[in-house]
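Biologist: I would like to learn how to read a model like this one. Please take it feature by feature.

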2 protein chains.
Amino acid sequence: MSPLLLSRLDRTARWMKRGGREGDVVLSSRVRLARNLARYPFPHRASPQELLKIRERVLTALEAAAPSAPESLLVLALEDFTGVERRSLVDRHLSSREHIRDEMGRALVTTADGVFSVLINEEDHVRLSGVLPGLQLDTALEMCDEVDDALEEFFDGKSAFAFDPDFGFLTACPTNAGTGLRASAMLHLPALSLLGELEDAREWANERGFVLRGTTGEGSEVAGHIEQLSNQSTLGQNESDIALEIENAARAIAVREREARNRLVEEMPIQTRDLVGRAYGILRYARRITGEEATQTLSLLRLGHELGWMKGLSRQRFNELSVWLRPDYLGVLHSRELSRDERAVLRGDLLRSHVSKVKLEPVFEQ
Amino acid sequence: MSPLLLSRLDRTARWMKRGGREGDVVLSSRVRLARNLARYPFPHRASPQELLKIRERVLTALEAAAPSAPESLLVLALEDFTGVERRSLVDRHLSSREHIRDEMGRALVTTADGVFSVLINEEDHVRLSGVLPGLQLDTALEMCDEVDDALEEFFDGKSAFAFDPDFGFLTACPTNAGTGLRASAMLHLPALSLLGELEDAREWANERGFVLRGTTGEGSEVAGHIEQLSNQSTLGQNESDIALEIENAARAIAVREREARNRLVEEMPIQTRDLVGRAYGILRYARRITGEEATQTLSLLRLGHELGWMKGLSRQRFNELSVWLRPDYLGVLHSRELSRDERAVLRGDLLRSHVSKVKLEPVFEQ
């Protein structure tokens, strides 16, 4: 049954698709609302029986409260899945390492396209997520709010959630208390990174109460120039204000990145063409490629695409490949645990088949 | 005047051309005869005046004694050249680091195609060299012997050369004494190297009185899988026997290398395609490339060529590129000392322009 459920997840998640604002820099926007049922211990202190009870309550509420089409929600109880299957959910950005560590009593509830999902018994009892392409935190927030309101209504008022008049919504980790809101934008910042100006951008964000930090891929490697911008604290602020502020900050960083891209091409024309050219050469002709190298070279190819140097791969395809090349996603695709070597070969095959469609523009050869 | 003389050297030396035996493994054959004039100190102990005197005597003798067309010999007195020009002669394999260290009184006498050349006042007063494509040490030896005999005749008998009845011809370094002959073959051994079997081949050569050792490029880096096979001692052996023995040993190593290439493709098909594919991708699309990376990737591309995976570059072109990409050759081509960065860009341009003509065979994609 579980593989069948996995196969109902779209290969192309909603956030991968085109349509978001500032899509040349902002890959996706995510809003997450953390909630906990009153009178139950937080997941890390709950017994298996309590976890199952919590999950049951939340699932019942979601079924009743979910927007428009509750039947469109897939319910994945994590204990029904193998290790590689659970990890592939992290690769798809639908779950987290924390969430899959102990599978018992955990669940992921998601639309097939991943635009809306709920983690049950991750760090908190309930984490509602809305993920959209480009910069649209407002819409993502609306999605979460709608379900949050419906849940509250189902549970018969705010008292169902752990709530404190002074602190707001209570969460397992105090930094999430308050609105329980984490709003984030994924930014592709290759030019700032190549010009060594990422630290400046991080400081700029920090001074304004945001965090800009590199995302990590498999193990501890840093994923190809992708940085997550998010709010540092959720306490004492209004939900929409937080989302709006992140949107504004993301827009400002996007301006910086675009300006850096222009400078990169003007000031380091050969080095930039060299980096993009090598990335293309490797992705086009290598037959074994590690996740780290694939992520790094794809990032540079994406930069080449945004600079107008090549056609044939869309932003959607870059987004898709960034997930499809991941180790456990590949494993699930081939229905088994793969060795590192097997993955490297399959990843090479995947990338070559797509990158062979790229047409280099004459401007690139200048 | 000196740049004019340099421009008379063929861009394509004779050894780079096709035609030699065992050309899939043996790049070139070189014979070198070391001779010293009697009654003069060896170059490292000679005064500038003595060096000039020696040079004058040898040049006069060569003019009279040189074979067929003495007018075809170019005479390059090293003090007429700039540092980059002198070093470019080493890049062309026409001179040596030792030879150009102190230019005063040193000279290179060579045919335009480099097939025959004489170093005056390198380690010894006279070093005659014959270099031919593929495996043909016999012919190279004949060329040197012919001039050696003519020189002896001009100098009026053997007594003109420092000769000892017990030790044979005397040389600055005792290991060269005897016949004064060094015969060597340059071998392209990528498969033995990739399979980790080079050490076995070295031992095999050692046990038979030969040396098989990696050639070094710029600085101390090892050049792309090119190994020099030569005799260890020249004492107490007949010249033709030495040449013949090296020929036989080179042939035996060529058999090993071919067998290793077959195994490489059979046992490591994906890894081999990966290495060759990456090399092609980099050479085709990089815009800056160090000498080391260029040499290494060209070696792998040459392997791909020999495996029948690509067309469009000939063995001659691989030989040519191996010299044309060298730092001081590039400098002379552009008439000045180049920075490391400038060289990397010019090298990238050179390689792209040639590698863009490569056509990959469908078999390579399997």
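Biologist: Which residue forms a salt bridge with Arg251(B), and how far apart are the closest N and O atoms?

Modeller: One caution to start: this is a predicted model. Now the general idea. Side chains of opposite charge can pair when their charged atoms come close. Here the partner of Arg251(B) is Glu22(B), with the closest N and O atoms 3.3 Å apart. The pair links distant parts of the chain.

Biologist: Is Arg251(B) buried or partly exposed?

Modeller: Use the cut-offs: buried is under 20% relative accessible area, exposed is over 50%, and partly exposed lies in between. Arg251(B) has 28%, so it is partly exposed. Glu22(B), at 21%, is partly exposed too.

Biologist: Which other residue forms a salt bridge with Glu22(B)?

Modeller: Arg258(B) does, with the closest N and O atoms 2.7 Å apart. Because Arg258(B) is in helix H8 and Glu22(B) in the loop between H1 and E1 of chain B, this pair ties together parts 236 residues apart in sequence. Arg258(B) is partly exposed, at 27% relative accessible area.

Biologist: Which residues of chain A are joined into one network by salt bridges that share partners?

Modeller: The network contains Arg21(A), Glu22(A), Asp24(A), Asp138(A), Glu247(A), Arg251(A) and Arg258(A). Take one link from chain A. Arg251(A) and Glu22(A) meet in a salt bridge of 3.4 Å, N to O. Arg251(A) is in helix H8 (residues 239-267) and Glu22(A) in the loop between helix H1 (2-7) and strand E1 (26-35), so parts 229 residues apart in sequence are tied together. Over all chains, the structure holds 64 salt bridges.

Biologist: Next, the two copies. What rotation superposes chain B on chain A?

Modeller: Read the rotation and the shift together. The rotation is 180°, with 0.0 Å of shift along its axis and an RMSD of 0.0 Å. That is the relation of a two-fold axis. In chain B, the C-alpha of Gly281(B) is nearest the axis, at 1.9 Å. The same surface serves both copies: 100% of the contact residues of chain B recur in chain A.

Biologist: How many residues are in contact between the chains, and how much area do they bury?

Modeller: Start with the counts, then ask who contributes. 20 residues of chain B are in contact with 20 residues of chain A. The chains bury about 1,800 Å² between them, 55% of it on carbon and sulfur atoms. In chain B, Arg278(B), Tyr285(B) and Arg287(B) lose the most area to chain A, together 39% of what that side buries.

Biologist: How many salt bridges and polar contacts are there between chain B and chain A?

Modeller: There are two salt bridges. In one of them, Glu293(B) pairs with Arg278(A), the closest N and O atoms being 2.7 Å apart. There are also 10 residue pairs in polar contact. Helix H9 (269-285) and helix H14 (362-365) of chain B each supply at least two residues to the side that touches chain A. H9(B) gives the most, with 10 residues.

Biologist: Which residues are buried in helix H11 of chain B, and what covers them?

Modeller: In general, an α-helix has 3.6 residues a turn, so residues three or four places apart point the same way. In H11(B) (residues 315-324), the buried residues are Phe318(B), Asn319(B), Glu320(B), Leu321(B), Val323(B) and Trp324(B). Their cover includes strand E1 (26-35), helix H3 (83-91), helix H10 (291-306), H12 and helix H13 (340-355) of chain B. Pro327(B) is found in H12 (residues 327-333). Pro327(B) is itself buried, at 8%.

How values were computed
Residues are numbered from 1 along each chain as its sequence is written. Chains are lettered from A and ligands numbered from 1 in the order in which they are written. This is a predicted model: local features need pLDDT of at least 70, side-chain atom pairs count only at pLDDT 80 or more; totals for chains, interfaces and linings use all residues. Side-chain values use heavy atoms; hydrogens and water are left out. Copies are superposed by least squares on the C-alpha atoms of residues with pLDDT of at least 70 in both. Contact means heavy atoms within 4.5 Å. Buried area is the accessible area (1.4 Å probe) that two parts lose on being put together, summed over both. A salt bridge is a side-chain nitrogen of Lys or Arg within 4 Å of a carboxyl oxygen of Asp or Glu. A polar contact is a pair of N or O atoms within 3.5 Å; within protein, one must be able to donate a hydrogen and the other to accept it, and residues adjacent in sequence count only if both atoms are side-chain atoms. Helices (H or I, at least four residues) and strands (E, at least two) are DSSP runs, numbered from the N terminus. Buried means under 20% relative accessible area, exposed over 50%, partly exposed in between (1.4 Å probe, protein chains only).
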